[in-house]
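Please open the model in your viewer and keep the selection tool at hand.

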Amino acid sequence: MTEVLPNDARLTLRAQFDGLPPDQHGQRWNDLWSQNITPWDRETPSPALIDTLKDKSQILGSPFRQDLAKPNDPHPPPRKRVLVPGCGKGYDVLLFSSHGYDAFGLDISPLAIERANVVLKDPSLASAYPSSLNGRGEIKFLVADFFADDFLAEIGGGDFDVIYDYTFLCALPPSIRPAWAKRMSQLLSPTGHLICLEFPLGKEPKMGGPAHGLTAELFEQLLDHPGREVNYNSGGYVCEDRSLEKSEDALEKIDRWKAERTHEAGMGQDHVSIWRHLRR
């Protein structure tokens with residue numbers, strides 16, 4: 001199985017969260033930022049996301065809300081809105097903005113968001129994240145709980161056109177996974193897309209985490225029935241249940257591929273999947 005982090009970093013992370021109640025995880029993440037124990041911080045957007053935005057425009061469409069375009073209006077329609085939960089220092093948020101999206105990054109750690117705003121003020125930002133022909137979208141970082149509604153008032157509500165998950169689901173305790181799926185379904189606009197960079201796929205779930213080992217089947221079971229509990233076998237792998245029709249609020253997978261480029265920790269294993277609201 002793939003070693004998703006160096007052994008000492010993996011053990012350090014796991015030790016920080018072993019036996020810790022989920023409602024205390026936010027403070028622990030902030031503690032890790034304060035101690036500069038951040039092995040997940042790669043200082044750059046994921047190459048897999050860079051390639052997705054370049055190669056999957058036929059699925060994701062324009063960064064503008066073309067459905068709101070007005071005839072003969074010289075001004076472009078509103079930009080699509082992207083949400084990146086667990087954004088850390090915000091590299092992926094900056095990438096989405098450079099492609100023309102209004103991009104919002106959330107993190108439960110105040111220190112992570114403080115550092116994201118430092119990156120945002122870096123004079124080299126324009127060259128590191130060159131703007132596309134669509135111009136640069138708005139960027140906003142917020143200290144917020146993804147599962148609470150407080151932050152929505154600050155950014156004009158929910159209904160995001162794109163939500164991006166990378167190293168977010170795998171950082172959550174397994175007991176919270178159904179709530180993750182429910183929240184994704186709630187926040188995604190009726191025509192929006194959820195992009196999941198599935199990581200880590202090469203780690204046995206029973207090894208614990210974070211980062212907790214994930215599987216393609218786990219994503220399907222969670223998003224077929226958002227909010228419903230899932231069962232696991234003795235090895236920690238999800239038990240597949242195809243006995244029920246997908247829920248009305250299900251997200252369906254419309255594409256999935258193996259990432260040709262990604263961060264070193266996921267090379268040879270990472271896959272990207274794109275999901276949308278179920279269409280009957």
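The stops below concern a pair of helices, a group of aromatic rings and several salt bridges.

**Before starting**

This is a predicted model, in which local features need pLDDT of at least 70 and side-chain atom pairs count only at pLDDT 80 or more, while totals for chains, interfaces and linings use all residues. Residues are numbered from 1 along each chain as its sequence is written, and side-chain values use heavy atoms, with hydrogens and water left out.

**Stop 1: two helices**

Select residues 25-34, helix α2, together with residues 110-120, helix α6. Helices (H or I, at least four residues) and strands (E, at least two) are DSSP runs, numbered from the N terminus. The axes of α2 and α6 lie 7 Å apart, and the packing angle is about 50°. Here axes are lines fitted to C-alpha atoms, for helices over the stretch in contact, and angles run from 0 to 180 degrees between N-to-C directions. The two helices are therefore oblique to each other; angles under 35 degrees count as roughly parallel, over 145 as roughly antiparallel, 65 to 115 as roughly perpendicular and the rest as oblique.

Next, display the side chains where they meet. From α2 come Asn-30, Trp-33 and Ser-34, and from α6 come Pro-110, Leu-111, Ala-112 and Arg-115; contact means heavy atoms within 4.5 Å. By class, this contact has 4 nonpolar, 2 polar and 1 charged residues. Ala, Val, Leu, Ile, Met, Phe, Trp, Tyr, Cys and Pro count as nonpolar, Asp, Glu, Lys and Arg as charged, and the others, Gly among them, as polar.

**Stop 2: aromatic rings**

The structure holds 11 aromatic pairs. Select Trp-29 and Trp-40, an edge-to-face pair with 5.2 Å centre to centre and 85° between the planes. Rings of Phe, Tyr and Trp (its six-membered ring) pair if their centres lie within 6.5 Å; planes under 30 degrees apart count as stacked, over 60 as edge-to-face and the rest as tilted. Trp-29 is in helix α2, whereas Trp-40 is in the loop between α2 and α3, 11 residues apart. Trp-29 is buried at 15% relative accessibility, and Trp-40 is partly exposed at 26%. Buried means under 20% relative accessible area, exposed over 50%, partly exposed in between (1.4 Å probe, protein chains only).

Trp-33 is buried, with a relative accessible area of 2%.

For another group of rings, select Phe-96, Tyr-101, Tyr-164, Tyr-166 and Phe-199, which ring pairs link into a cluster.

**Stop 3: salt bridges**

How many salt bridges are there? The count comes to 18, a salt bridge being a side-chain nitrogen of Lys or Arg within 4 Å of a carboxyl oxygen of Asp or Glu.

Select Lys-89 and Asp-41, whose side chains meet in a salt bridge of 3.4 Å, N to O. This pair links distant parts of the chain, 48 residues apart: Lys-89 is in the loop between β1 and α5, and Asp-41 in the loop between α2 and α3. Lys-89 is buried at 15%, and Asp-41 is buried at 16%.

Move to Asp-67 and Arg-65, where the N to O distance is 2.6 Å. Asp-67 is exposed at 55%, while Arg-65 is partly exposed at 25%.

Finally, select Glu-220, Asp-224, Glu-240, Arg-242, Lys-246 and Lys-253, which are linked in a network of salt bridges.
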